[in-house]
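The following paragraphs lead the reader through one protein structure. They begin with the chain and then turn to individual elements.

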Amino acid sequence: MVDAILYLKNNLADNFAVYFIPLYILGGRPAAVLSAQLLGYKIFLLLPVVVMLDTLQIPLFYHLYDTVSDRLFIKKFHQKSEKRAERFRQSKFLRRLQLLGTPGVVTITMLPLKGCGMWSGVLLSKLLKLPKQISYPLMIAGSVLGCVILLGAGEAIIRLVGSLLINS
């Protein structure tokens, strides 16, 4: 594992800006933040970029939830999202978050878990019937808190790997 990290650090660090956005799109916030941090990028660069990318998703997801076109692809995509939304509506996790109300939106957007993030934050905001003027700042706050959690986890991983290398 240490060899793989060193290989990535030596070969991707110079061109990581090229890989960051596709990595963010495919792997989400945890993959992008942790890999950038392991490659030596600083918090001052990562936090604003990731929060900006998260924020840019919000209007897209609102638009996807609000409109459905006559195109077959969009209908199939909407059907899949509706199935996901229905499963999400019936989950115990959502019921607990709905009881939290607006802090639930922050909570679901900050968690670095599969099924959490901006998509679910928009869905929860719509289910709670929050106006966009309230839900946008809540989701941005969740993004910032989620980045801080991931950066803390990344720092712990770096220190653990460093202590393992020193002890070896």
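A residue is called buried when its relative accessible area is under 20%. By that criterion, 33% of the 168 residues of the protein chain are buried. The model under discussion is a predicted one. The accessible surface of the protein chain amounts to about 10500 Å², and carbon and sulfur atoms contribute 67% of that surface.

The protein chain contains eight helices and zero strands. Its pattern along the sequence accordingly reads α-α-α-α-α-α-α-α.

One pair of helices may now be considered. Two packed helices are described by the angle between their axes and by the distance between those axes. Helix α6 spans residues 102–110 and helix α8 spans residues 132–167. Their axes come within 7 Å and cross at roughly 40 degrees. Angles under 35 degrees count as roughly parallel, and those from 65 to 115 degrees as roughly perpendicular; α6 and α8 are therefore oblique to each other. The crossing in which α6 passes α8 is right-handed. On the side of α6, the contact is formed by T102, V105, V106, T109 and M110. On the side of α8, the contributing residues are I134, L138, M139, A141, G142, S143, L145, G146 and I149. Sorted by class, the contact of α6 with α8 comprises nine nonpolar and five polar residues, with no charged residues.

Helix α7, formed by residues 118–127, is mostly covered. How many of its 10 residues are buried? The number is eight. These buried residues of α7 are M118, W119, S120, G121, V122, L123, L124 and S125.

The loop between α7 and α8 contains K129. Most residues other than glycine have a negative phi. Just after α7, however, K129 takes a positive phi of about 60 degrees, and K129 is a residue other than glycine. Is K129 buried or exposed? A residue counts as exposed when its relative accessible area is over 50%. The relative accessible area of K129 is 72%, so K129 is exposed.

In summary, the predicted model shows a protein chain of eight helices and zero strands.

How values were computed: Residues numbered from 1 in each chain as written. Predicted model: local features only at pLDDT ≥ 70, side-chain atom pairs only at ≥ 80, totals over all residues. Heavy atoms only, no water. Helix = DSSP H or I, 4+ residues; strand = E, 2+ residues; numbered from the N terminus. Buried < 20%, exposed > 50% of the residue type's maximum accessible area, 1.4 Å probe, protein only. Areas by Shrake-Rupley, 256 points an atom, 1.4 Å probe, with all protein chains shown as cover. Axes fitted to C-alpha atoms, helices over the stretch in contact; angles between N-to-C directions. Parallel < 35°, antiparallel > 145°, perpendicular 65-115°, else oblique. Left-handed = near helix turned anticlockwise from the far one by under 90°. Contact = heavy atoms within 4.5 Å. Nonpolar A, V, L, I, M, F, W, Y, C, P; charged D, E, K, R; others polar.
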